[in-house]
Amino acid sequence: MSTVLSVADLRGRIAGWIGEGKVVVAPVEVGGRLLYQALSAASQAVFDARRRPANSIKEFFFPRHEPIFRYRLEGKEIVLSDVAPEEREQIVIAAKPCDAAALPILDHVFNWDFEDSFYTARRARTTVISLACAMEDDACFCTSVGSGPADEAGSDAVLYEVEGGFEGRGITEKGGGLFDRTATVRERCEDATVRSLTVAVRKGEIAKYLEGNFESPIWKDLTLACLGCGACAYTCPTCHCFDIVDEGNAAGGARVKNWDSCQFPFFTLHASGHNPRSAQPQRQRQRLFHKFLIYPQKFNAILCTGCGNCERNCPVGLGVRKVLEAIDGELRRVDEKEPVQA
Amino acid sequence: MSFEPKIIAYVCNWCTYLGADLAGTNRLEYPPNVRILRLPCTGRIDFNLIVKAFEMGADAVLVSGCHPGDCHYTAGNYHARRRWILFRRLLETLGVETERVHFTWISAAEGKKFQQVIGEITEKTRAMGPYAAYQVLSGVSK
Amino acid sequence: MTERLRQTVRRLLAEDKVKVVIGYGASKAGTPAPPIFVTRPEDADKLEWNDRCFANLSVYLTRKEVKALGKAAVVVKGCDERALVVLEKESQIDRSALFVIGMACDGVGAPKCAHCQVHVPRFADEVIGTQAEPPAPPNGPNGLDRLMAKSPAERWAFWTAEFSRCVKCYACRQVCPLCYCERCITDKNRPVVIDTSATPKGNFAWHITRAFHLAARCIGCGECTRACPAGIPLGLLNQSLAQATVENFGYRPGMDLAAEPVFGAWSPKDKEDFIG
């Protein structure tokens with residue numbers, strides 16, 4: 001048996017967590033947008049299965065700016081000091097499933113040839129409670145990349161919107177501490193609209209197309225509108241490129257890790273002055289390749305959860321879905337000309 | 001220890017810097033709180049230099065150059081004046097404490113004026129206290 | 001109007017008067033019309049004109065991938081066209097090598113239209129449509145009035161809170177037709193001038209720089225505010241500088257090609273009541 005929790009009940013729990021000194025993250029109305037933010041008051045939290053925040057939860061694991069060590073001059077000595085990893089516990093509540101599902105995908109790269117202890121410390125200290133989705137939005141395509149409105153990947157517990165409020169169920173041991181893992185929940189989201197592209201990012205087919213079409217005209221034609229900002233990369237739950245910069249002056253400072261976007265003109269500028277991706281079509285192509293070919297080849301995971309943030313935040317409405325649809329169109333064109341042998 | 005304001009003065013080489021020098025040769029004492037940065041001309045002074053001074057912990061900034069008509073490069077100070085007219089508005093809109101940003105014309109002959117201006121700015125800034133808002137923003141610890 | 005636009009484009013491309021037409025494409029209700037680049041007469045039917053044509057397409061005229069396509073035609077609203085005037089004044093476009101298709105615009109909604117000053121393009125090679133009614137100006141105090149009514153400390157608190165959401169995506173910069181520097185000052189790193197970090201210091205430094213590099217140049221199209229994924233009212237900074245520019249110099253960027261740009265000139269009458 002599970003109890004139906006009202007928004008007031010949930011906010012009451014949040015107030016308790018904040019009182020215990022935990023960082024609680026939830027969607028908040030601010031600046032005319034819905035954005036995930038660390039709460040200063042439980043009353044800020046918005047529980048709406050029909051909306052999607054314009055940002056993602058990755059910044060609570062992989063911050064937009066993170067000092068990795070500090071230095072200062074003491075006399076003639078340079079003294080380095082470590083930055084202590086995050087110690088406070090975090091709870092992310094009402095995360096979209098497409099945001100939670102990004103976490104296991106990101107875990108690969110942050111634990112690959114080197115453990116990013118800043119990231120892993122936050123992962124260990126954070127409990128993710130997702131709110132199963134009831135959104136209908138043309139920009140979404142989660143089911144096309146193997147996710148879905150009730151995807152539990154990356155979630156420690158899940159809330160379902162039911163009549164009168166929400167029902168919660170623990171998934172992992174961590175989540176079991178907050179919500180009963182044995183609770184039966186009426187899963188209203190099973191009949192939510194299946195959101196997909198005209199065809200799914202079918203197993204391997206998009207990847208195969210990419211492999212064989214480095215020089216496709218799609219790269220130039222479709223991506224001319226791209227202005228080369230970082231809105232897509234920075235609001236994407238799975239994008240994780242970063243820049244290491246030394247900040248400070250002669251007296252002291254820090255080496256920091258900042259978000260970076262592969263669409264910036266100087267993303268691949270070499271010290272020699274050469275830039276292998278000096279044109280926007282090359283940069284756009286790279287983004288598609290990274291997400292749908294290279295990352296899957298390396299880690300057996302698509303670097304995309306179909307959340308649609310890239311498209312919604314793009315000032316000119318681009319985003320990976322449009323390019324995938326174009327590729328899909330190409331594949332169908334080829335299929336029709338040469339029907340697959342049964 | 002009472003508060004000693006840090007004043008950054010961006011001055012032009014041909015007028016205000018020489019005026020400061022004249023103050024020195026005439027043994028006119030002025031507060032040591034000012035750090036003088038010499039540039040060829042006020043026209044060269046980028047607005048970001050004012051921002052940077054505050055970022056690095058300055059409590060007040062002075063920008064000073066030749067009187068209109070006397071610019072060593074003919075019109076540098078005129079261009080600067082235009083720039084300052086608009087930049088002050090931007091600072092006001094942002095809520096920057098514009099009482100901490102000062103502009104003067106001080107010629108090479110005005111050693112006395114230099115002494116007076118630095119004295120006034122130092123006392124005014126001492127009364128205002130440190131520019132805590134910008135120092136918190138920039139992570140400057142004092 | 002859409003059909004007339006398509007006819008014009010078909011003709012321009014069929015007669016080889018231009019190699020590419022930069023216009024707006026189809027979009028579902030509630031989503032912005034995407035910029036499209038039409039190079040064949042038969043693709044003219046992809047063009048649309050509606051109240052979701054937000055983007056300022058003049059931004060593409062300084063992008064090298066678009067310049068490489070050859071002589072262009074561009075679809076502009078009244079606000080967008082002001083950017084063309086400034087770009088021409090700053091020698092960034094060759095007006096004689098550009099075909100301007102002006103659209104008589106009935107508005108694309110708040111907040112962009114709140115400061116509309118040009119409803120029908122004035123210097124276009126061809127104007128399509130006539131304007132039924134210009135967009136209604138807002139009544140009551142606007143965002144800037146409300147901001148300036150606060151105390152300086154309140155304004156500082158306001159911007160500190162707003163900029164705390166800035167992630168340094170530079171959408172504001174990339175979407176602006178007048179931010180065309182090949183290497184932005186934020187990309188300078190020997191030494192660093194503007195911290196790239198999305199910290200309070202780095203964010204203030206960037207937004208001060210962005211606003212001031214656009215002083216007396218910004219034409220008020222509102223794209224920066226629309227593009228910001230964090231919902232920061234960036235346009236307020238530009239607006240305050242535009243107001244100061246009118247008050248002090250009687251200058252409105254992009255209105256008159258013959259007018260002397262503010263920072264390219266000076267006057268012995270410029271005020272100096274603030275100079276000691």
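In strand S2 of chain B, B:Leu39 is the bridge partner of B:Cys12. The structure is a predicted model, in which local features require pLDDT of at least 70 and side-chain atom pairs count only at pLDDT 80 or more, while totals for chains, interfaces and linings use all residues. Residues are numbered from 1 along each chain as its sequence is written, and chains are lettered from A and ligands numbered from 1 in the order in which they are written.

Strand S1 (residues 7–12) of chain B pairs with S2(B) in the parallel sense over six bridges. Strands are DSSP runs of E with at least two residues, helices are runs of H or I with at least four residues, and both are numbered from the N terminus. Two strands count as paired if DSSP finds at least two bridges between them. These two strands belong to an open sheet of four strands in chain B, ordered S2-S1-S3-S4, with parallel pairing. Strand S2 (34–39) and strand S4 (101–105) of chain B stand at the edges with a single partner strand each, so one side of each is left without a neighbour in the sheet. On average, neighbouring strands of this sheet are turned by 20° against each other, direction ignored. Helix H1 (residues 16–25) of chain B lies across S1, S2 and strand S3 (60–65) of chain B, and runs at about 115° to S1(B). Axes are lines fitted to C-alpha atoms, for helices over the stretch in contact, and angles run from 0 to 180 degrees between N-to-C directions. Two residues are in contact if their C-beta atoms, placed from the backbone, lie within 7 Å.

Chain A has 11 helices and 10 strands. Its C-alpha trace spans about 70 × 60 × 35 Å along the principal axes.

An open sheet of six strands in chain A has the order S2-S1-S5-S6-S7-S8 and mixed pairing. The edges are strand S2 (33–38) and strand S8 (165–170) of chain A, each with a single partner strand, so one side of each is left without a neighbour in the sheet. Neighbouring strands here are turned by 25° against each other on average, direction ignored. Strand S5 (residues 90–95) and strand S6 (residues 126–131) of chain A pair in the parallel sense over five bridges, and A:Ala95 stands opposite A:Ser130 in S6(A). Helix H1 (residues 7–19) of chain A lies across strand S1 (23–30), S5 and S8 of chain A, at about 130° to S1(A).

Elsewhere in chain A, helix H6 (residues 205–212) packs with helix H9 (residues 280–299) at an angle of about 105°, the axes being 9 Å apart. H6(A) and H9(A) are therefore roughly perpendicular to each other; angles under 35 degrees count as roughly parallel, over 145 as roughly antiparallel, 65 to 115 as roughly perpendicular and the rest as oblique. A:Ile206, A:Ala207, A:Leu210 and A:Glu211 of H6(A) make the contact with A:Leu288, A:Phe289, A:Phe292, A:Leu293 and A:Pro296 of H9(A). By class, the residues of this contact are eight nonpolar, no polar and one charged. Ala, Val, Leu, Ile, Met, Phe, Trp, Tyr, Cys and Pro count as nonpolar, Asp, Glu, Lys and Arg as charged, and the others, Gly among them, as polar.

Between chains C and B, 34 residues of chain C are in contact with 30 residues of chain B. Helix H5 (152–163), H7 and helix H9 (235–249) of chain C give two or more residues each to the side of chain C that touches chain B. H7(C) gives the most, with eight residues. This side divides into 23 nonpolar, five polar and six charged residues. Helix H2 (residues 47–55) of chain B packs with helix H7 (residues 200–213) of chain C at an angle of about 165°, with axes 11 Å apart, which makes H2(B) roughly antiparallel to H7(C). B:Phe47, B:Asn48, B:Val51 and B:Glu55 in H2(B) meet C:Lys201, C:Ala205, C:Ile208, C:Thr209 and C:Phe212 in H7(C). These residues comprise five nonpolar, two polar and two charged.

The contact of chain C with chain A involves 30 residues of chain C and 33 residues of chain A. On the side of chain C that touches chain A, H6(C) gives the most, with three residues.
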